[in-house]
Amino acid sequence: PGERPPNIWVVGVLGGPCDDPPLLTISPRVGMYSYKQMTALGQFVVNFPTPQMVREMEYCGTNSGAEVDKWKSCGFTPIAGKVVDVPLIAECPVNFECVFERQIQFNRSDGRPGEQELMIGRIVHVHAHEKCMVNGELQWDLVDTIYRSRPQTWRILGPTIGFDERKTPLLKPKEAAELIARRVESYEGLAEVIRRTPYPTQSRK
């Protein structure tokens, strides 16, 4: 809302409480810039970044949209949504358009409002890059998703260890297997980098 561009906020915790209707949960800090924008619109978009976007995610998570234009700083391309009035990040392989379903507030033990609030969003439209689709269906095994492991580590999802026998296996197991094989090959090099690079909290000798 207003003259400033829509903000990009890094979600700390993303949940999926229900498949039908399709719902997800986020927990923004009450009063933050992104919180004010989302509550004013009643809408938001969840963009799933790639491992190549780690530094941009760090920037978006440590700078306020009230002070900087994160779209310009990160070189992201905004594209209009099909349903919501919030732009999507074109570079992200998967985007969920969401509208508010419910907001749940919490109180501390002393009765004061909690630092964060639980927002339940209804997914009203899904976008995905063609490379992540098989016969018109989104295949998460073809999406290189990342997540942040506390306290200060970014990680990617590991290789597939099996299939849920209750559901249909991958429609393109060969392509998925090749992707997993390439990812596993990179693990040894990554492990060596970690060995040679102390975490920011570790003292360098």
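Let's start with isoleucine 8, which is found in the segment before strand S1; strands here are DSSP runs of E with at least two residues, numbered from the N terminus. The model is predicted, so local features need pLDDT of at least 70 and side-chain atom pairs count only at pLDDT 80 or more, while totals for chains, interfaces and linings use all residues. Residues are numbered from 1 along each chain as its sequence is written, and side-chain values use heavy atoms, with hydrogens and water left out.

Is isoleucine 8 buried or exposed? Isoleucine 8 counts as buried because its relative accessibility is 7%; buried means under 20% relative accessible area, exposed over 50%, and partly exposed in between (1.4 Å probe, protein chains only). Beyond its neighbours within four places in sequence, isoleucine 8 is in contact (heavy atoms within 4.5 Å) with residues including Trp71 and Phe76.

Leucine 14 also lies in the segment before strand S1 (15-18). With 40% relative accessibility, leucine 14 counts as partly exposed. Leaving out residues up to four places away in sequence, leucine 14 touches Leu24, Thr25, Ile26, Val46 and Phe48.

Here are two C-alpha to C-alpha separations:

| Pair | Apart in sequence | Apart in space |
|---|---|---|
| Leucine 14 and isoleucine 26 | 12 residues | 5.2 Å |

Now for the strands. Two strands pair if DSSP finds at least two bridges between them. S3 (residues 43-48) and S6 (residues 94-107) pair in the antiparallel sense over 6 bridges, and asparagine 47 stands opposite asparagine 95 in S6. S6 also pairs with S7 (residues 113-128), in the antiparallel sense over 12 bridges.

Conventions: Helix = DSSP H or I, 4+ residues; strand = E, 2+ residues; numbered from the N terminus.
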